[in-house]
Amino acid sequence: MNLHEYQGKTILKSFGVSIQEGLVADSAESAYEAALHLTEKTGTEWFVLKAQIHAGGRGKGIVTETGSHGVVLAKGIDKVKDVASGILGGHLVTAQTSAQGKLVNKVLVAQDVYYPGESEIEEFYVSVLLDRSSGKNIIMYSPEGGMDIEAVAENTPDLIYTETIDPGVGLQAFQARRIAFNLGLTGMAYKQMSKFIFKLYDAYVGCDASMFEINPVLKTSDNKIIAVDSKVSLDENALYRHPDYADMRDKSEEDPTELEADEIGLSYVNLDGNVGCMVNGAGLAMATMDIIKLSGGEPANFLDVGGTADAARVEQAFRIILKDKAVKAILVNIFGGIVRCDRVAQGVVDAYKNMGNIDVPIIVRLQGTNATEAKKLIDESGLEVTSVILLQEAADAVAAVVA
Amino acid sequence: MSVLVNKDSKIIVQGFTGSEGTFHAGQMIDYGTNVVGGVTPGKGGQTHLGKPVFNTVQDAVKETGADVSILFVPPAFAADAILEAADGGIKVIICITEGIPVADMVGVKHYIDQRDCTLIGPNCPGVMTAGEAKVGIMPGFIFKPGTVGIISKSGTLTYEAVDQCTKAGLGQTTAIGIGGDPIIGTTTLDAVKLLMADDDTKGIVMIGEIGGDLEVNAARWIKEHGTKPVVGFIAGVTAPKGRTMGHAGAIVSGEDETAEAKKRVMRECGIHVVDSPAHIGSKMAELIG
């Protein structure tokens with residue numbers, strides 16, 4: 001589950017990670033109030049206003065309606081309302097969003113941390129994530145902060161370092177020291193960075209995160225180390241341990257059809273193609289999408305109906321798939337192991353009759369327990385449904401429909 | 001011969017008396033699998049499906065000599081149940097449970113790696129040796145004792161491969177569902193090594209999907225050490241980058257995790273990669289039929 005920057009920072013702060021302070025606002029007026037509070041709390045006189053959307057590249061991104069960037073510095077309290085108005089309610093288009101962009105409902109009003117002082121300001125990159133190959137958490141970091149880390153990896157791979165955390169003993173002090181030294185820090189800033197890394201890793205473990213990306217981590221001109229941005233993803237399977245984090249889910253960031261599917265327990269991903277599919281099992285569902293492509297079509301979705309495929313379930317799945325007007329045909333692909341194919345076939349027939357107005361061809365491939373009975377049931381139903389048993393037959397039927 | 005489980009395996013079921021455990025243990029027993037008992041804390045001393053129930057894995061091992069355990073335990077308790085099995089002396093631990101927190105599995109993998117036991121899964125359909133032992137949720141009737149070993153991250157896609165090999169007249173030795181989570185016990189490579197060393201297995205079907213590097217690691221080993229033909233399939237050529245496709249581990253995070261990239265490496269390593277999952281059985285028949 002992806003979080004907004006302000007939500008990620010709330011979690012970081014609760015674990016003692018030092019952050020760029022800020023307050024979230026949903027109107028120009030409340031942004032102004034937030035700025036006032038922030039001055040009281042931190043003494044800051046300038047403010048950074050940041051659009052809260054689930055996508056990177058906000059700084060360079062443009063709000064379609066106003067031409068404003070997604071991250072803007074307001075040099076004084078009198079500028080805050082205007083800056084907020086330029087961001088809130090508009091659609092922010094960045095390198096990571098679609099061409100339509102994302103509607104900005106909230107803006108984070110944050111303190112200015114790039115103030116001049118005794119030493120030079122520096123930006124670093126720090127992330128914490130799972131290394132799937134070793135099954136261990138790693139801290140990945142670079143002195144090249146504040147920029148696209150994939151570009152750094154491409155151009156100067158020797159400037160990306162990793163520390164692997166031993167699950168038996170956890171993060172060790174020597175590792176935190178090594179990180180601080182590799183980032184070129186000394187004195188007070190070095191100590192602060194060691195501390196920062198420890199708190200950050202504590203937070204990662206403590207909130208059951210699946211990814212932390214802090215870019216940039218800032219060394220201020222007075223040698224503080226703080227998280228200026230936060231990209232935090234939480235492990236959805238662990239949310240039962242953190243009911244307060246579960247409430248942080250922003251459903252407005254999700255595709256409405258995917259959200260609807262999720263609420264009825266269907267695993268669904270919306271795609272751009274013209275052939276819908278409904279499958280039991282995630283692997284077979286991906287393989288079915290690939291078959292659609294090999295047959296000359298383009299998959300319109302991923303949909304795993306799971307272990308039960310009765311009439312009610314099939315109908316729900318059909319309704320979800322048909323919300324996409326680009327769908328020109330539907331392929332149902334069920335391998336009945338424990339599930340009996342004739343029951344699924346009955347489900348398809350009932351759902352078809354209930355819905356009444358399905359005007360795209362449906363190809364049903366049922367294999368496994370009682371596959372022959374299932375085919376007979378569909379063939380004799382008199383419906384406009386093509387029934388096949390072998391996977392290759394399904395592929396051929398799709399090819400015939402899209403040709 | 002076969003790998004991991006056979007007719008002599010002594011199998012216990014953790015989460016025996018729950019609805020999933022009851023249903024699938026019943027199916028396993030019907031197939032003729034040697035289920036010797038089960039574990040449900042607090043229900044020790046009872047009898048379920050005609051088999052004894054124990055409070056702890058330790059008790060079950062002591063009383064029955066069990067060496068294999070299958071877990072139908074809810075995700076919040078599954079990591080603990082795996083550790084209990086390992087601590088209790090079980091040699092092959094098969095975890096069906098889907099949805100275990102990743103942080104739990106980081107600890108489990110670390111623990112298991114230091115002990116003399118094998119973990120299969122989690123989030124897998126189990127292991128099945130045709131005609132001998134069904135230790136999982138795979139449908140028994142599609143199997144036929146034969147010569148193909150099958151490795152897969154996915155449930156129904158495994159059934160597809162099994163069914164095609166049966167219809168091609170080849171049959172199976174053992175099908176290993178390794179699971180679709182980001183952290184799993186037995187990797188594709190571990191499973192390949194087992195099947196390469198099994199005399200009855202004449203060919204191997206290796207089914208993977210987007211995400212991670214398991215198939216690539218196995219392919220590189222096969223290039224150097226492989227002694228049998230391997231048919232490969234990778235699901236998810238059409239999957240968009242950065243989206244999780246059903247399985248928690250099925251997500252493309254980098255260029256080398258795409259289906260195309262994996263297939264390219266597998267082909268370079270001499271694996272017979274099919275683009276359509278409909279051709280797995282026929283390709284294998286062409287090679288060893």
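Me: Are Phe335(A) and Tyr159(B) buried or exposed?

Reply: Both Phe335(A) and Tyr159(B) are buried (under 20% relative accessible area, with exposed meaning over 50% and partly exposed in between, for a 1.4 Å probe and protein chains only). The model is predicted, so local features need pLDDT of at least 70 and side-chain atom pairs pLDDT 80 or more, while totals for chains, interfaces and linings use all residues. Residues are numbered from 1 along each chain as written, chains are lettered from A and ligands numbered from 1 in written order, and side-chain values use heavy atoms, without hydrogens and water.

Over all chains there are 5 aromatic pairs (Phe, Tyr or Trp rings, the six-membered one for Trp, with centres within 6.5 Å; planes under 30 degrees apart are stacked, over 60 edge-to-face, the rest tilted). One of them is stacked: Tyr201(A) and Tyr204(A) lie 6.3 Å centre to centre, with 20 degrees between the planes. These two tyrosines are about one helical turn apart, because they are separated by 3 residues in helix α6 (residues 187-206) of chain A (helices, H or I of at least four residues, and strands, E of at least two, are DSSP runs numbered from the N terminus). Tyr204(A) counts as buried because its relative accessibility is 4%; Tyr201(A), at 10%, is buried as well. By contrast, the pair of Phe335(A) and Tyr159(B) is edge-to-face, because the ring planes stand at 65 degrees, with the centres 6.0 Å apart. This pair crosses between chains, joining strand β17 (residues 329-336) of chain A to helix α5 (residues 155-167) of chain B. Tyr201(A) and Tyr204(A) also belong to one aromatic cluster with Phe212(A).

The wider setting includes nonpolar cores (buried Ala, Val, Leu, Ile, Met, Phe, Trp, Tyr and Cys residues joined through side-chain atoms within 4.5 Å). The largest has 93 residues, and those with the most contacts inside it include Ile70(B), Val205(B) and Met245(B). Helix α9 (residues 282-294) of chain A gives the most to this core, 7 residues. A second, separate core of 39 residues includes Ile139(A), Ile165(A), Leu185(A) and Ile214(A).
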